[in-house]
Amino acid sequence: MGELLFFSGRADTPAELGTCLLGGHKNDSLVGMQPSGLQTMSLMPSEKSFLKWAGGKTRYATTLVSIAPPYTGCYREPFLGSGAVFFELRPAAAVLSDANPDLIACFSAVADNPHEVMRCLDGMPNTREYFETIRRQDPASLSVTERAARVIYLNKTSFRGLWRVNRRGEFNTPYGAYDRPYYNRETMLRAAKALTTAELLNCDFAEALDQAESGDWVYLDPPYVPLGGWADFKRYTPDQFGEADHERLSEAMTRASARGVFVTMTNSDTPFVRDLFGKEFSMHRLATRRDINLQSAKRGSWDLVMTNYELSAPGQEQLFD
Ligand SMILES: C[S@@+](CC[C@H](N)C(=O)[O-])C[C@H]1O[C@@H](n2cnc3c(N)ncnc32)[C@H](O)[C@@H]1O
């Protein structure tokens, strides 16, 4: 099993991109490690999402993009969250999906009219009282723009930005009392531009995976198997994501793999994950620091990365110890 050391900084200029450290080596070939010259604009500065999502991959996006397979089709991300890997990769064609309907509605509105969404956010005060009003709103009663602004507002003002809902689908994360802007104008506009090549779907991951065709690349970042039991933070959607879902995921990955689809999945380094995915897929360890599970600090910080392809493209071997 190989070990991937993540690049924790962000390269803001093409010059920095050429000299960043990856896997402990001076990385002269990061641009060459992009999956294909046609798929990305690899000399552009790194992008980031307009959301900060629990379990989001912003910090590891550069590493995950650098281990992309030589795909020739569409990029697919069925557990979209903030879409950190999508924004890093900026593929020519993408299908992005998630089971959270508010999240997908938000991405759609940002893609269609980022200016309207920002205007709406500008009129939303960051106070506990207003937060409570927004939290209790029924998204179905809102306009497309208001619904998107509500997601961004709650993401930036709720405790740790957690999107947590009860069984009735009502948002129940408390107010975070953070003094920070809801958005960065440039980030929003760049996100909208990146999303012009993407199709957005609100669906279960299995449906999204089953649509993938030979030559596509699917990056899967499910709610993790908790290190010490099924913890509270998996409540991203009213339906809990449990053992049976990970089993469904393993089956859907196997089906896609048999059709010639490239798959990459990140998950926690637990016996359950090793058993379920380790027989069928190549297993690598990614050095991480997890924010929302303080237990990980005690246990060492590794995630597992499962792939159905070898990491053999030029430069990728540099990622291994
Ligand atoms: C760990 S987060 C993904 C984070 C993302 N990679 C990022 O960088 O922000 C997991 C996502 O899976 C979604 N999800 C949960 N159950 C799902 C299901 N059955 N099908 C599709 N998406 C699901 C959640 O709504 C959440 O956005």
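Helices (H or I, at least four residues) and strands (E, at least two) are taken here as DSSP runs, numbered from the N terminus. The model is a predicted one, in which local features need pLDDT of at least 70 and side-chain atom pairs count only at pLDDT 80 or more, whereas totals for chains, interfaces and linings use all residues. Residues are numbered from 1 along each chain as its sequence is written. On this basis the protein chain has 12 helices and 10 strands.

Of the 321 residues of the protein chain, 42% count as buried, where a residue is buried if 20 or more other C-beta atoms, placed from the backbone, lie within 10 Å of its own, exposed if 12 or fewer, and partly exposed in between. Two residues are in contact if their C-beta atoms, placed from the backbone, lie within 7 Å, and among the contacts between residues at least 6 apart in sequence, 72% join residues at least 24 apart. Glu 310 counts as exposed because 11 C-beta neighbours lie inside 10 Å.

Two packed helices are described by the angle between their axes and the distance between the axes. Axes are lines fitted to C-alpha atoms, for helices over the stretch in contact, with angles running from 0 to 180 degrees between N-to-C directions; angles under 35 degrees count as roughly parallel, over 145 as roughly antiparallel, 65 to 115 as roughly perpendicular and the rest as oblique. The axes of α4 (residues 101-112) and α7 (residues 144-157) come within 8 Å and cross at roughly 115 degrees, which makes α4 roughly perpendicular to α7. The contact draws on Asp 102, Leu 103, Ala 105, Cys 106, Ala 109 and Val 110 of α4, together with Val 144, Thr 145, Arg 147, Ala 148, Val 151 and Ile 152 of α7. These residues divide into nine nonpolar, one polar and two charged, with Ala, Val, Leu, Ile, Met, Phe, Trp, Tyr, Cys and Pro counted as nonpolar, Asp, Glu, Lys and Arg as charged, and the others, Gly among them, as polar.

Helix α7 also packs against α6 (residues 128-136), the two axes coming within 10 Å and crossing at roughly 130 degrees, so that α6 and α7 are oblique to each other. In this contact, Phe 131, Ile 134 and Arg 135 of α6 meet Arg 150, Tyr 153, Leu 154 and Thr 157 of α7, giving four nonpolar, one polar and two charged residues by class.

Positive phi values occur at two residues other than glycine, described here in turn. Arg 90, in the loop between α3 (84-89) and β5 (94-98), has a positive phi of about 45 degrees, and this residue is buried, with 22 other C-beta atoms within 10 Å. Ala 177, in the loop between α7 and α8 (185-194), has a phi near 55 degrees but is exposed, with 12 other C-beta atoms within 10 Å.

The ligand is surrounded by 22 residues, of which the closest are Gly 55, Gly 56, Gly 81, Ser 82 and Ala 84. By class, this shell has 11 nonpolar, six polar and five charged residues.

Technical notes: Near = placed C-beta within 6 Å.
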